[in-house]
Amino acid sequence: MSIASLRRSARATVSGLPQGFWWLWLSTLVNRTGAFVLTFLSLYLTIELGHSAWFAGLVVALHGLGGVAGSPLGGVLTDRWGRRPTMITMHLAAASCAAALAFVTSAWGVALVVLLMGVAMQAVRPSINATISDMVPADDVRRAFALNYWALNLGFAVASIAGGAAAFLGYRTLFLVDAVATTLCAVIVFLRLPETRPERAAAKGGGKPADERVSMLDVLRDAPFRTLVLLNLLVCVVFTAPWIGLPLTMAEQGLPPSSYGMVIAVNGIVIVGFQLLVNKVTERRSPVVLLTVSSLLFAVGTGATALAGSSVAFAATVVVWTVGEMVHVPTNAAATARLAPEHARGRYQGVMGMSWAVAGFVAPILAGAIVDGPGSDVLWAGTFTIGALAAVGYTLRLRRALGEEEPETERKAEAGTTTGAGAVVGAVVGAGEDVSPVAAKAPTRPQVQAQPQMQAQMQDQMQAQAQEKPSPASSS
């Protein structure tokens, strides 16, 4: 592929999106460029404040725990309060927490601030994803999510490099810079980003507006979406495990900590350098196929870590699961937007974000326990198995939910003929075939929209058969 063709592909990837999206993209880039807290938090706690490594790990886990609560909270506020005020408020709350870390020195004070920061940082994500779903045409949603994810990683790469170079200024200075960058992000949203929440649709008979009738329990009862969430949770566990297990495995091989720094840097380099190309290659592909392939890449990439013995080999495994990450993240976000009724997009994105937060809290604890117990080989065998099960789940359990399954396959699924690995995955995710209560209130999915046409076709066939069938009088 020539330079000119690459330039044309990049131009096609970024063209045709509304101006509001690019202001949101810029706010994401600014926010992540100043994201120093999580990158240097463990060093600050151990070197600057003199706490133990155990306490530093606990505080980082509290950030993930805060995200478990913050994601559904942000989803509810996004739908009820609005996308724009939720973003502004949560960005300012996160900025306040970052500034507070520059002055709070007590152990439990730091722990509380980090917990609240986790709530605020995760609560803003449903509003961002819902805004993208609102303003971008349906055919371009996955591309928009990919571009936003690229901005996130580009900003994070800049923050890691700049933060390392500026560390001599002191960790407190970095935290204050983080607060300023997050505040600037809120200012961009306030000045340039319009509110995109759909107008409330009044219910029939003078009832409450439609968006007020959708609770978080209704979202969790949505069987197709619940399947997507639980499968994403499996993938997130596999994705999170290397961030804890990989440095421990490399240490077992006798490699120095500096080797891990170079190996894990491959993740950011690959995303920044090739996200646009991957997005072009995967454009217009089936979401089910993309999610299946990404799960297999996660499985193979993490599973192969058990076979690696050098820095180059470890870096190669990182490349494999990083490609899976580049495919999975925007596709999963777009699939969430596709399954969510427009008046409940915030809640749906909030529940999906909670699966990422739960994995971020649980996976590091499990990975560390497995490495200390049965060993690292068991960890990587486990991630391979979980990733493979997720791939089977996407193939057999999600195709119908996204309207990609043939009628004959649907009849077999309804008859309960799914066997083998599909039955195992079905038991794991608990994906029933019941109708979504939210979709019943707002039928926006392809299979729901097709029902009137199917019913009309069935009626025409029945009428034709009735005309062809001889009457009792003529047959006698």
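1. Does E283 count as buried, partly exposed or exposed, and at what relative accessibility? With buried meaning under 20% relative accessible area, exposed over 50% and partly exposed in between (1.4 Å probe, protein chains only), E283 counts as partly exposed at 23% relative accessibility. Its side chain meets that of K280 in a salt bridge (3.6 Å, N to O), and K280 is partly exposed at 33%.

2. A word on the basis of these values: this is a predicted model, in which local features need pLDDT of at least 70 and side-chain atom pairs count only at pLDDT 80 or more, while totals for chains, interfaces and linings use all residues. Residues are numbered from 1 along each chain as its sequence is written, and side-chain values use heavy atoms, with hydrogens and water left out.

3. Taking a salt bridge as a side-chain nitrogen of Lys or Arg within 4 Å of a carboxyl oxygen of Asp or Glu, the count comes to 8. One of them joins D134 and R345 (2.5 Å, N to O); because D134 lies in helix 6 (residues 107–135) and R345 in helix 14, this pair ties together parts that are 211 residues apart in sequence. R345 is buried at 15% relative accessibility, and D79, R83, D134, R345 and R347 are linked in a network of salt bridges.

4. The side chains of R221 and D218 also meet in a salt bridge (3.9 Å, N to O), and these residues, 3 apart in helix 9 (residues 216–221), are separated by about one helical turn. R221 is partly exposed at 45%, whereas D218 is buried at 9%.

5. Helices here are DSSP runs (H or I, at least four residues), numbered from the N terminus. Helix 10 (residues 223–252) has 30 residues and reaches 43 Å from its first C-alpha to its last, close to the 44 Å expected, where the expected span is 1.5 Å times one less than the number of residues. A kink of about 40° lies at G245, shortly before P247, the bend being the angle between axes fitted to the seven residues ending there and the seven starting there. Helix 14 (residues 345–372) has a kink of about 25° at V362, shortly before P364.

6. The structure holds 0 disulfides, a disulfide being a pair of cysteine sulfur atoms within 2.5 Å. C97 is buried at 11% relative accessible area, and C185 is buried at 1%.

Technical notes:
Helices (H or I, at least four residues) and strands (E, at least two) are DSSP runs, numbered from the N terminus.
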